[in-house]
Amino acid sequence: MKPGGYKVTSDLLDATFAALADPTRRAILARLAAGEATVTELAAPFHMSQPAVSKHLRVLERAGLVTRSRDAQRRPCRLDARPLREAVEWLANYRDYWAESYQRLDALLAELSTEERR
């Protein structure tokens with residue numbers, strides 16, 4: 001269990017990556033990183049209807065990336081980056097693999113360059 005009662009599961013990781021797969025949802029997250037916004041405010045730059053933006057927000061909410069609250073008549077949306085941190089930690093598991101692969105490639109290229117100069 002993570003701090004704040006936040007449990008990491010395979011389903012949550014799947015939902016995070018599924019939510020991030022759509023460019024509109026990534027843009028919504030980028031906007032929310034700058035601060036809370038209403039559905040109307042989020043819909044404006046996309047030239048799409050509020051119901052279409054709401055569908056994207058539901059996907060982001062299911063992934064735990066967005067929360068909504070009520071402030072009088074406003075229903076602001078906020079970014080919750082915890083699932084992104086979990087995705088980054090999962091991806092970090094592959095960092096060593098890629099670093100080793102690049103080191104092998106660098107060694108091979110250096111060897112080929114040496115042979116070419118001979």
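Which residues form one aromatic cluster? Phe17, Trp90 and Tyr94 do. The model behind this is predicted, so local features need pLDDT of at least 70, side-chain atom pairs count only at pLDDT 80 or more, and totals for chains, interfaces and linings use all residues. Residues are numbered from 1 along each chain as its sequence is written, and side-chain values use heavy atoms, with hydrogens and water left out.

Helices here are DSSP runs of H or I with at least four residues, numbered from the N terminus. Phenylalanine 17 is partly exposed at 31% relative accessibility. Tryptophan 90 is partly exposed too, at 35%. The classes are buried under 20% relative accessible area, exposed over 50%, and partly exposed in between (1.4 Å probe, protein chains only).

Now follow α5, residues 82-92. Its buried residues are Pro83, Glu86 and Ala87. They sit on the same side of α5, because they cover an arc of only 100 degrees around the axis, taken from the directions from the axis to the C-beta atoms. Their cover includes α1 (10-20).

Next comes the largest nonpolar core, with 15 residues. Such a core is a set of buried Ala, Val, Leu, Ile, Met, Phe, Trp, Tyr and Cys residues joined through side-chain atoms within 4.5 Å. Ile28, Leu42 and Val53 are among those with the most contacts inside it. The elements giving two or more residues are α2 (23-33), α3 (39-43) and α4 (50-62). Valine 53 touches Ile28, Val39, Leu42, Ala43 and Met48, leaving aside residues up to four places away in sequence; contact means heavy atoms within 4.5 Å.

How do α2 and α4 meet? Their axes come within 10 Å and cross at roughly 80 degrees. They are therefore roughly perpendicular (65 to 115 degrees). Axes are lines fitted to C-alpha atoms, for helices over the stretch in contact, with angles from 0 to 180 degrees between N-to-C directions. Thr24, Arg25, Ile28 and Leu29 of α2 meet Val53, His56, Leu57, Val59 and Leu60 of α4.

Finally, threonine 38 lies in the loop between α2 and α3. At 14% relative accessibility, threonine 38 counts as buried.

Key. Rings of Phe, Tyr and Trp (its six-membered ring) pair if their centres lie within 6.5 Å; planes under 30 degrees apart count as stacked, over 60 as edge-to-face and the rest as tilted. Angles under 35 degrees count as roughly parallel, over 145 as roughly antiparallel, 65 to 115 as roughly perpendicular and the rest as oblique.
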